[in-house]
Amino acid sequence: MDQKTLLSTIHSACARGVQLIPPNILCASIGSIGLKDPFTMPMTATLQDCLDAMQKYKVGSLLVCDAEGKLKGIFTERDFVMKVMGKVSNLAAALVTDYMTKDPVREQPEASLAFALSVMSHGGFRHVPIVDHEDIPIGIVSVKDVVDYFVQKMLDGIFDSIDIDV
Amino acid sequence: MRVVHRFQNERMQLELSISDDKLKLFAQVVPGEKHEDAQVSELIEQLLQVTVEPLIEGVVVDDIIAQLREGKGCEGRRIAKGESPVLGRDGKLVWLVRRFKPGNSNQPTKELSDFYNLGLFENIEAGKEVARLYKPTSGSPGMDVQGKPLPSRAGKAFNARFDKTIQFKPDESRDDYQTLIATVSGYAHEEGDKVTICETLVISNNLDYEMGHIDFVGGVKVGGDVQKGFHIKARGDIEIVGSVLGENQLTSDASIIVRGFHQGGAESFVRARANYTVGIAQGVQAEAGGTISVKKEARDCTFRASVAVLAPEAIIVGGTVWCVKGFEGKQLGNDMAVRTVVEIRNELEVTAEYRQVEESISKHEAALAALELHIGPYLQNRKRVPLLNPKFRMKITDLIGKYDYVQASVEKLKEKIKAMKAAKPPEADSRVNVTGVAHAGLVLSTSAFSLEIKDSQKGPISYRPLEASSEWVVQEYQPLFKG
């Protein structure tokens with residue numbers, strides 16, 4: 001399909017009242033998009049521990065919590081590239097607390113998706129930890145999770161609008 | 001602080017104290033005459049009188065001895081440390097969606113606020129995850145600096161009552177929490193320890209700036225009036241006990257009932273997939289997939305009903321009534337001969353069934369267009385799909401499968417329309433029934449011919465359009481629906 005045909009298809013769908021992005025999608029709460037469980041590390045963890053965990057679980061961010069489980073910091077791939085690589089020779093001797101982003105912006109699961117996106121955009125970060133009212137992490141949301149959710153809702157919206165008759 | 005041990009020899013004078021929380025041991029050391037001969041082992045030997053080996057901080061001991069050999073003492077230096085008990089955490093319920101809290105909006109407290117869109121609740125579809133119930137944790141005991149255990153405390157379970165609208169997600173293997181899912185569509189509500197999903201949104205007073213516009217997945221009941229300019233969109237029934245005061249848009253996938261007065265307006269409309277019932281209406285534009293019922297009076301309204309308009313005890317003055325099966329009313333028009341039109345359209349194209357199939361085709365075509373957007377060039381060039389990476393290939397293949405499925409469905413619907421057109425049209429049995437008076441100014445019309453009443457006629461009578469002679473005839477009253 002060439003560019004012109006694609007545009008014509010978009011216009012045609014919109015003219016038929018297809019809502020390519022369902023209304024109120026941005027009002028949905030972050031908790032409702034299917035929160036991923038966070039990977040947490042204690043404050044005594046070293047950079048080597050964090051690197052091992054990131055490689056083992058194939059994740060790009062780790063939440064650092066105190067003994068009570070409360071969120072104290074976040075350590076991401078970006079922190080690793082900007083603060084550690086080429087600068088720290090002995091990863092096993094360096095504590096994550098010295099390299100993590102301390103006291104990161106966090107949200108509660110009832111906050112809206114629009115607000116979470118706004119926070120990520122203005123703050124320039126890709127992950128937002130989700131905590132409960134005791135500041136204990138219950139999940140983490142990334143820009144990718146939000147985009148995946150939007151695409152899924154767009155597809156769901158298409159099928160919800162019709163009654164298949166075959 | 002409490003002194004627990006004293007020791008003195010020719011190399012050192014030692015005093016050990018314990019902190020009030022019994023977790024830390026502090027040493028005070030004064031050098032003796034032969035301090036240069038001080039040994040680590042003799043300090044540890046004294047420490048073991050008070051504490052246990054794993055809690056002793058070896059680095060500190062070495063440093064104290066090194067300092068002592070140089071003739072330096074220390075005062076209040078921590079030399080051993082116990083472990084605090086970790087208390088068990090209480091169980092808790094963590095909501096993943098917003099709960100309905102009247103008067104607690106998401107609007108900013110500064111700058112501009114949109115009081116029409118307050119976002120007081122969140123629409124929850126059946127099957128959606130709504131909350132997590134965290135289990136209590138047992139905690140772990142600690143040890144004081146003297147090696148005695150410090151007991152912990154287990155957390156308490158969270159007591160919440162769930163009704164059948166919420167259930168635990170089956171087949172979940174989590175140790176720390178259980179996920180709760182909604183079994184019905186609605187909004188989340190928590191009152192005391194009772195947690196539920198409400199299928200009907202009940203607004204006990206007026207719908208105004210306190211609630212804003214309503215867009216809800218269930219039914220809506222307004223106990224008071226709907227103030228001017230406020231809209232309601234609902235998947236279930238909408239019931240308004242009071243009045244609708246103008247410029248309102250009411251949309252329901254089921255029925256709409258306005259028990260009081262309904263004022264229309266230039267930007268207002270009523271769309272009910274099933275029926276629309278109103279007490280008194282003025283200037284209302286209403287469309288219903290079923291019947292439209294007027295209890296007392298309708299002035300200058302435009303009603304479009306896919307079945308019938310029923311007003312057996314009501315007065316209809318001015319405006320236009322469109323219906324398929326027919327109309328039944330007490331009084332049509334008034335003494336002032338205000339033009340009041342009743343249009344009977346019993347062609348196949350205006351029947352509820354035909355319109356439903358036609359609407360379904362339209363939606364299918366829109367869905368196909370939207371799917372085309374998602375699939376992109378791979379829809380036309382399916383040979384490229386196997387070359388994609390496995391994850392993307394799976395998604396595109398799935399979407400193409402769905403596209404074909406919708407395509408087959410739309411073809412079937414088109415065949416259905418063709419069959420409906422080919423079939424013999426049902427015998428027209430439409431009529432306009434007047435039980436009271438049909439006033440001068442009343443116009444009865446079909447797509448082909450019409451009749452204007454010049455002199456008022458008393459009922460009960462039936463007006464029936466005869467296709468064969470292209471005229472309206474007056475007949476003895478026959479009810480619109482038998483029984």
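1. Helices (H or I, at least four residues) and strands (E, at least two) are DSSP runs, numbered from the N terminus. Helix 3 of chain B is followed by B:Gly376, whose phi is positive, near 70 degrees.

2. This is a predicted model: local features need pLDDT of at least 70, side-chain atom pairs count only at pLDDT 80 or more, and totals for chains, interfaces and linings use all residues. Residues are numbered from 1 along each chain as its sequence is written, chains are lettered from A and ligands numbered from 1 in the order in which they are written, and side-chain values use heavy atoms, leaving out hydrogens and water.

3. Back to helix 3 of chain B. Its 24 residues are 352–375. From first C-alpha to last, helix 3 of chain B reaches 34 Å, close to the 34 Å expected at 1.5 Å a residue. The expected span is 1.5 Å times one less than the number of residues.

4. Strand 23 of chain B covers residues 285–288. Strands pair if DSSP finds at least two bridges between them. Strand 23 of chain B pairs in the parallel sense with strand 21 (residues 269–272) of chain B over three bridges. Strand 23 of chain B also pairs in the parallel sense with strand 24 (residues 292–305) of chain B, over four bridges.

5. Look at B:Ala288. Its bridge partners include B:Ala272 and B:Ala305. B:Ala288 also lies on the covered face of strand 23 with B:Ala286, while B:Gln285 and B:Glu287 make the uncovered one.

6. Where is A:Met85? A:Met85 sits in the loop between helix 3 (77–84) and strand 4 (101–102) of chain A.

Definitions and conventions
Buried < 20%, exposed > 50% of the residue type's maximum accessible area, 1.4 Å probe, protein only.
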